[in-house]
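Here is a walk through one model, taken a piece at a time. Keep the viewer open and follow along.

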Amino acid sequence: MLPGSTIGIVGGGQLGQMMAISAKEMGFKVGVLDPTVNCPAAQVADWFIQGTYDDTFALEELARRTDVITYEFENVSVEALNAILPMSFIPQGTDLLAITQDRLLEKSFLETNNIVIAPYATIVSPTDIQDAIDGIGYPCVLKTTRGGYDGKGQYVLKSRADLAPAMDLLREGTCVLEAWIPFEKEISILVAGNGQGDYSTFPVVENIHRNNILHETIAPASIASEVTEEAERIARVIAKGMNLSGVLCVEMFLTKAGGLYVNELAPRPHNSGHYSIEACTMSQFDAHIRGICGWPLSKKVRLLSNAVMVNVLGEQLLESYHLIDKKTEWQFHFYGKTQAKKGRKMGHITIVTENVQQALEEIKKTNIWD
């Protein structure tokens, strides 16, 4: 794929927006499909199609007007994409999407590739839960197999008292019961592929969540070198198993003993990779565009400086504007969303720093993220 070609993005959120910016810088034209007019990605694209992610007619129009199609999040209809496959080029394919949309398929894929995951059981009806708990024990986590993100679609079970409220999840369909992993850190790694056997890994980062939403990412993670090497190995095994095109995020739990458990896969650029825009030799969005266009990839993306990324949610947005005058070294990214709702990601700030602890203290002292 050469500059001048047109890339279609299914999904118009901030990930699509930053993909589009990278694509434009690399000389591509960009079209976006999303249900919301003036969504973040549409604001920087060449053209926009309004339509839902399962609207076959809208997707057919996207296919007719583009040379390659990608998606910015995993809740796109696999069936609708399959319907336009004969008339479009989707380098990521739909198998990757199908696997990462369904927790059971994802776990099966990981097990097939000898990747360590938490012990789990499939829960079809309420009667399955007690038998599963007898084997897994408390605490454990009940999760829907489809549709969960930012902590939605899951419930932590600490004792029998939690069983009744957790039953609401089963009304949404089949669930997965997972053992609770007593982790020391939550880490993630991005890996990019170009569909031609080139794979590129990013630095391993530490993620700090609040209310199940990513709050801060620290790059690099403060972990032993052998843990870093194992995380990179796992990412490459997964990427090769999927013949990856574009970027994939692998989220993991790190235990006190140094063990790694893969928790979740995201088949696109990820919130925990935003730091890469300023702090790496290549951003995750550049790597994604290179990957889906079949451009060569370096073996490793290097970290140019330590960095801390902090998310700006709806309830923090207005106060964060006041920092623009005060924090001249901070990099501000605001997504242009029209409604600032509580818990909604409205932007992020990246602090490139030689002293991570100092940056974390600076964030804390603003009192915005208390």
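Is Glu 264 buried, partly exposed or exposed? Glu 264 turns out to be partly exposed, at a relative accessible area of 24%; the cut-offs are under 20% for buried, over 50% for exposed and partly exposed in between, with a 1.4 Å probe and protein chains only. Before going on, a note on what you're looking at: this is a predicted model, where local features need pLDDT of at least 70, side-chain atom pairs count only at pLDDT 80 or more, and totals for chains, interfaces and linings use all residues. Residues are numbered from 1 along each chain as its sequence is written, and side-chain values use heavy atoms, with hydrogens and water left out.

Back to Glu 264, then. Glu 264 makes a salt bridge with Arg 103, with 3.7 Å between the closest N and O atoms; the term asks for a side-chain nitrogen of Lys or Arg within 4 Å of a carboxyl oxygen of Asp or Glu. Glu 264 sits in strand β14 and Arg 103 in helix α5 (residues 103-112), so this pair ties together parts that are 161 residues apart in sequence. Helices (H or I, at least four residues) and strands (E, at least two) are DSSP runs here, numbered from the N terminus. Arg 103 counts as buried, at 11% relative accessibility.

The structure holds eleven salt bridges. Another one joins the side chains of Glu 74 and Arg 268, at 2.8 Å from N to O. Glu 74 is in the loop between β4 (68-71) and α3 (78-84), while Arg 268 is in the loop between β14 (260-266) and α9 (276-279), so the two tie together parts that are 194 residues apart in sequence. Glu 74 and Arg 268 are both buried. Then there's Lys 327 with Glu 362, whose side chains meet at 3.2 Å, N to O. This pair links distant parts of the chain, 35 residues apart: Lys 327 is in the loop between α12 (323-326) and β16 (331-334), and Glu 362 is in helix α13 (residues 356-365). Glu 362 is partly exposed, with a relative accessible area of 24%.

The axes are lines fitted to C-alpha atoms, for helices over the stretch in contact, and angles run from 0 to 180 degrees between N-to-C directions. Four bridges hold β2 and β3 in their parallel pairing, and Gly 31 has Trp 47 as its bridge partner in β3.

Helix α2 (residues 56-64) belongs in this part of the tour. Its buried residues are Ala 58, Leu 59, Leu 62 and Ala 63. They span an arc of only 145° around the axis, which puts them on the same side of α2; the arc is that of the directions from the helix axis to the C-beta atoms. The buried residues of α2 pack against β1 (6-10), β2 (29-34), β3 (47-50), β4 and α3, contact meaning heavy atoms within 4.5 Å. Turned away from that side is a face with the exposed residues Phe 57 and Arg 64.

The other open sheet has four strands in the order β5-β8-β6-β7, and here the pairing is antiparallel. Its edge strands are β5 (120-123) and β7 (154-157), each pairing on one side only. Neighbouring strands are again turned by 20° against each other on average, direction ignored. β5 and β8 (residues 175-179) run antiparallel and are joined by four bridges; in β8, Tyr 120 has Glu 178 as its bridge partner. Helix α6 (residues 126-136) packs on the sheet, touching β5, β6 (140-144), β7 and β8, and its direction makes about 175° with that of β5. Helix α7 (residues 163-170) packs there too, touching β5, β6, β7 and β8, with its direction at about 155° to that of β7.

Conventions: Pairing = 2+ DSSP bridges.
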